[in-house]
Amino acid sequence: MPVFIRGSSAWAEGVGERLTPVSLPEAWYVIIYPGVGVSTQEVFQSPELTRNSPLITIRAFFQTGGRNDCEPVVRARSPEVASALDWLTREGSARLTGTGSCVFTARASAADAERLAARVPDRWMSFVARGLDTSPVHEQLRLRGRRT
């Protein structure tokens, strides 16, 4: 919750209670919904879900992109999500959103993201979203506070 109250990007540790502000570069995201749902409960109850990932530093995350331990479980249980990940991986880096079912990739410009989204196979839905480092609502509240 504090990350939403503060209104800016942060690196969360622990169970999300330790926040370190970070500044993120502008990015555009292509998000694909492969038309299926994924049960978060089933993913977290799966015996295949590993729980032994080493801690990662902020620097290492930005260098490697980190990893999503849920992805192998979701790939094995959802062929359509696996197919969307595979397709997107041919276009660059692809990631699973949490436990899915959406998958995404980052692009440096809106035009590049729109070009990629236009090529997404018709069997899936896709959209483009701009990543924000600061919440527009937070910015409006900050400006409103200066006027009073």
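Reader: At about what angle to β3 does α6 run?

Author: This is a predicted model, in which local features need pLDDT of at least 70 and side-chain atom pairs count only at pLDDT 80 or more, while totals for chains, interfaces and linings use all residues. Residues are numbered from 1 along each chain as its sequence is written, and side-chain values use heavy atoms, with hydrogens and water left out. Helices (H or I, at least four residues) and strands (E, at least two) are DSSP runs numbered from the N terminus, and axes are lines fitted to C-alpha atoms, for helices over the stretch in contact, with angles from 0 to 180 degrees between N-to-C directions. Helix α6 lies across β3, β5 and β6, and its angle to β3 is about 20°.

Reader: Which residues of α6 are buried, and why do they lie on the same side of the helix?

Author: Buried means under 20% relative accessible area, exposed over 50%, and partly exposed in between (1.4 Å probe, protein chains only). The opposite face carries the exposed R115 and A118, whereas the buried residues in α6 (110-118) are A113, L116 and A117.

Reader: Which elements are included in what covers those buried residues of α6?

Author: Contact here means heavy atoms within 4.5 Å. The cover of the buried residues includes one helix, α5 (79-89), and the strands β3 (28-33), β5 (103-107) and β6 (125-130).

Reader: In what order do the four strands form the open sheet, and which stand at its edges?

Author: Two strands pair if DSSP finds at least two bridges between them, and in this open sheet the pairing is antiparallel, in the order β4-β5-β3-β6. Each edge strand has a single partner, so one side of each is left without a neighbour in the sheet; these strands are β4 (95-96) and β6.

Reader: Which residue in β5 is the bridge partner of W28?

Author: β3 and β5 pair in the antiparallel sense over five bridges. In β5, the partner of W28 is R107.

Reader: With which residue does the side chain of R107 meet in a salt bridge?

Author: A salt bridge is a side-chain nitrogen of Lys or Arg within 4 Å of a carboxyl oxygen of Asp or Glu. The N to O distance is 3.4 Å, and the partner is D112.

Reader: How many residues apart in sequence are the parts that the pair E48 and R77 ties together?

Author: A search of the whole structure finds nine salt bridges, among them the one between E48 and R77, at 3.3 Å from N to O. E48 lies in the loop between α2 (40-45) and α3 (58-64) and R77 in helix α4 (71-77), so the parts tied together are apart in sequence by 29 residues.

Reader: Which residues are linked with E71 in a network of salt bridges?

Author: E71 and R75 are four residues apart in helix α4, about one helical turn, and their closest N and O atoms are 3.0 Å apart. E71 is buried at 18%, whereas R75 is partly exposed at 25%. The residues linked with E71 in the network are R75 and D86.

Reader: How many disulfides does the count come to?

Author: A disulfide is a pair of cysteine sulfur atoms within 2.5 Å. The sulfur of C70 has its closest cysteine sulfur in C102, 15 Å away, which is too far for a bond. By this rule the count of disulfides is zero.
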